[in-house]
Amino acid sequence: MRIVACLNGDRRPGAHPALPVSVDQLVTDARSAVAAGATAVHIHPRDHGGAESLEPQVVSELMERMRAEVPDVPVSLTTSLSAESDPWRRYDLVQRWASPALPDSVSVNLHEAGSVDLIQLLGDRRVAVEAGVWTVEAARILVATRVEVAAVLVEPTQVAAEDARRNADAINSLLDRAKVGVPRLLHGADATAWPMLEDALDAGLDIRIGLEDTMRLPDGTEAQDNAALVAHALTLASG
């Protein structure tokens with residue numbers, strides 16, 4: 001089972017006292033999350049002003065430091081339109097990422113414009129793709145296009161846990177019927193983060209947790225940092 005630490009997401013700088021934004025913070029935080037039990041990290045790269053960015057120089061700086069200081073830890077980066085709202089410019093930026101500093105994988109949200117073209121580009125560049133599937137309609141795109149992905153991220157966005165659970169069940173049912181055999185990871189956000197994590201454990205799926213998904217422990221108290229969230233997830237997984 002993979003335990004992915006999602007370190008920052010699209011949260012604004014300062015949203016949590018321990019939210020990592022700078023390269024120094026991300027490298028230090030990744031190291032701590034792995035020490036707590038994470039098997040991989042997922043990062044939204046940030047420019048020097050703290051904004052999300054897919055600019056080649058931003059990605060290269062981050063990945064070079066991660067490779068040097070957190071070796072042998074798989075690194076996933078976002079390609080969300082929250083980081084670059086123009087799908088055509090996003091394609092161009094990813095196309096210009098430098099080969100020595102490519103991430104191990106990237107997430108691509110299938111409901112976003114240009115997602116299929118981006119997945120094909122990443123396949124040509126030998127970068128593994130984790131397909132972000134938020135809805136049944138996005139799952140249908142995955143099945144219909146037959147794009148090659150390394151994993152599926154089942155990501156219900158509903159606010160209430162029961163609504164998120166129904167959406168996740170519908171997505172997984174479609175993927176099962178279509179015999180999509182790649183690994184799946186299930187996660188929620190904020191109020192659904194811990195319920196979805198427990199559902200993922202019950203189903204034997206991969207999990208993720210971190211300040212991108214929630215800033216609180218299951219009892220509602222604020223988590224100290226990403227490492228504390230990972231450590232609690234590991235406790236649940238071991239129980």
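Visitor: How do you know that strand β4 and strand β5 pair?

Guide: In this predicted model, 5 bridges join β4 (residues 105–109) to β5 (residues 128–133). Pairing requires at least two bridges between two strands, so β4 and β5 are paired. The two strands run parallel, and S105 has A128 of β5 as its bridge partner.

Visitor: In what order do the 8 strands of the open sheet lie?

Guide: The order is β7-β6-β5-β4-β3-β2-β1-β8, with parallel pairing.

Visitor: What makes β7 and β8 edge strands?

Guide: Strand β7 (184–186) and strand β8 (207–209) each pair on one side only. From one strand to the next, the twist averages 25°.

Visitor: Which strands does helix α6 lie across?

Guide: Helix α6 (residues 161–177) lies across β5, β6 (151–154) and β7, and runs at about 155° to β6. Helix α7 (residues 193–203) also packs on the sheet, where α7 touches β7 and β8. The direction of α7 makes about 155° with that of β8.

Visitor: Where is G181 found?

Guide: G181 belongs to the loop between α6 and β7.

Visitor: Why is G181 called exposed?

Guide: The relative accessible area of G181 is 73%. The term exposed applies over 50%, and therefore G181 is classed as exposed.

Visitor: How many residues separate G181 and I3 in sequence?

Guide: G181 and I3 are 178 residues apart in sequence, and their C-alpha atoms are 19 Å apart in space.

Note on methods. Residues numbered from 1 in each chain as written. Predicted model: local features only at pLDDT ≥ 70, side-chain atom pairs only at ≥ 80, totals over all residues. Heavy atoms only, no water. Helix = DSSP H or I, 4+ residues; strand = E, 2+ residues; numbered from the N terminus. Axes fitted to C-alpha atoms, helices over the stretch in contact; angles between N-to-C directions. Contact = heavy atoms within 4.5 Å. Buried < 20%, exposed > 50% of the residue type's maximum accessible area, 1.4 Å probe, protein only.
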